Amino acid sequence: VSLRRRLLLYLLLSAPLAWGVALWFSVDRARHEVNELFDAGLIRLARQVQTTLGRPGGEPPAPAAVAEAASEGEVAAALGEADLEDLAIAVWDRGGRPWVADREGGGFPYRPQASGFTELELAGEPWRLYYLQSFDGAWLVAAGQKLYERDEMVSQLTVSQLLPWTLVLPLLLLAMALAVRQTLAPLDRLSGELAARTPDDLRPLPEAAAPTELRPLLAAMNALFRRIDDTLARERRFTADAAHELRTPLAALRAQWDVLRRAADGPARAEAERRLAAGFDRVERLVSQMLALSRLEASQPAGLARRPVAWPAVVEEALSDCLALAERRDVTLECEWPEEGVAPLPLKGDTTLLVVLLRNLVDNAVRYAPRGVTVTVRLGADALEVDNPGPPPPPALRERLGERFLRPEGQDEVGSGLGLSIVQRIAALHGLAFVFVELTDADGRPAGVRARLQRAA
Amino acid sequence: LVGRRCARASARWQHGALEYDPASRQVRWKGEPVELTARELALLEALLQQPGRILSKAQLQEKVYDWASELESNTLEVYVHHLRRKIDPAIVRTVRGVGYALGPSGEAE
């Protein structure tokens, strides 16, 4: 349902309704006032006649004169602009004989006991009569007026009120329609802007300029946009990460398959088959871990399969994955363990993910180190380090390390640029902080870069 | 039955200039036969089964020794040394702190 239409409907209905109620009240008031005015006129006329008749010492004046004086002078003064044609008067003496009456007055019924106002029909027309007994009971005076006279006045008053209202009402409605349109304009602009957007345009809507009522809605929509944006980014990241991470184990599977093909029957072949099956297991485990990682990213690092980490196996697996690249780049790999009796970085975590982490760190070091150097993995009591004696990345680059798809310029090795962001995520899941440390030799010259994972404070 | 197996086992393992016939347990380096002892052969075979992987000393010892010879476990380095001397210094690479792996095959990976 259109808000604009509903608002207009309410306004268009309620304005004439309020107008009608106001009109009914003013007509009622007008009728009341007119009645009061005319009744006062009738009373005054009747009293005037009484006064004239009861003038002490004087003969009763000629009936014609009474009628004349009453109708021409007093009545006219009393009733102002009212039509005199509709006024009538009748006078009876004590015996009930009509003493004087004008045209319609002759038709007034003689009611000796009557006093005050009464309404009746004369010759098919409604009249209002006022009976007045003289103090001594000598005279009964009845002054009357046709009722339609009053109705006419009320309707004239009503029309005189109605006319300006009727002229103004369309203007009022027009103004209301304009006001509604003007007020709802921000909504129109908003829906227009949203309709014109491309599906992947998730920029936030400007809240500051919006009316107060719209702001909560805009804030909610912007929050939703952000969530959708995050989800989309996560999905894209997951796809990229998964592809990146599957490449290495797939190459290993390929190598194991080659071994199987050339293996003869017997224990050697059985061993090769076992290896291939183990390779498949590893790929499967990796895929499920990546899926778990993508789900974990949205939530808390709880729900991770946590077991005490056997670092020798992790190092063996991760370095094996980097062996081919290290050979190609003539880089020596080695691992340093803490002295006897010190446990290397005791940690509960997911071995598969930690292999991914370490492989990415070593792969990165090997990939970007100069040829012929040694890349060292070092496990201490509270840290895991990967030293690379190559030149440190320029500061601008280091700030951006960990951004996705970042690849330093001038590199001849193919990498996806995903490695370090994967490292950061897995490290965070295990409560480890990931930092780069610049190494210097005894003379303070740059001697390499250390990627260090330590327990987060 | 033995004959059939031998016929099917004619496939040889190749790693760069190294050739190994698991059926006859013959090793050739650049076409020249190399004489190896049983334990040296076991070590080489273990490495050849997983080229490109680092095998820890524990894993290799398991392959090379039987239960009876546990006491000799500190001599794995000796067998690695023998392989390097008899075949080629680069045939086994040491990854310090982790274990041993087969050396580069010389082919592009």
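**Salt bridges, looked up one by one**

I searched the whole structure and found 28 salt bridges over all chains. I keep in mind that this is a predicted model.

Entry one. I looked up Arg31(A) and found it in a salt bridge with Asp151(A), with 3.3 Å between the closest N and O atoms. This pair links distant parts of chain A: Arg31(A) sits in helix α1 (residues 3-53) and Asp151(A) in helix α3 (residues 147-183), 120 residues apart. I then checked accessibility. Arg31(A) is partly exposed at 37% relative accessibility, and Asp151(A) is partly exposed too, at 41%.

Entry two. Next came Asp201(A), which forms a salt bridge with Arg203(A); their closest N and O atoms are 2.8 Å apart. Is Asp201(A) buried or exposed? I noted a relative accessible area of 16% for Asp201(A), so it counts as buried, the cut-off being under 20%.

I moved on to Arg93(B), whose side chain meets that of Glu327(A) in a salt bridge at 3.8 Å, N to O. Arg93(B) belongs to strand β6 (residues 92-95) of chain B and Glu327(A) to helix α7 (residues 311-328) of chain A, so this pair joins two chains. Arg93(B) is buried, with a relative accessible area of 18%.

Finally, I wrote down a network in which salt bridges share partners: it joins Glu334(A), Glu336(A), Arg378(A), Glu385(A), Asp387(A), Arg450(A), Arg452(A) and Arg96(B).

Methods
Residues are numbered from 1 along each chain as its sequence is written. Chains are lettered from A and ligands numbered from 1 in the order in which they are written. This is a predicted model: local features need pLDDT of at least 70, side-chain atom pairs count only at pLDDT 80 or more; totals for chains, interfaces and linings use all residues. Side-chain values use heavy atoms; hydrogens and water are left out. A salt bridge is a side-chain nitrogen of Lys or Arg within 4 Å of a carboxyl oxygen of Asp or Glu. Helices (H or I, at least four residues) and strands (E, at least two) are DSSP runs, numbered from the N terminus. Buried means under 20% relative accessible area, exposed over 50%, partly exposed in between (1.4 Å probe, protein chains only).
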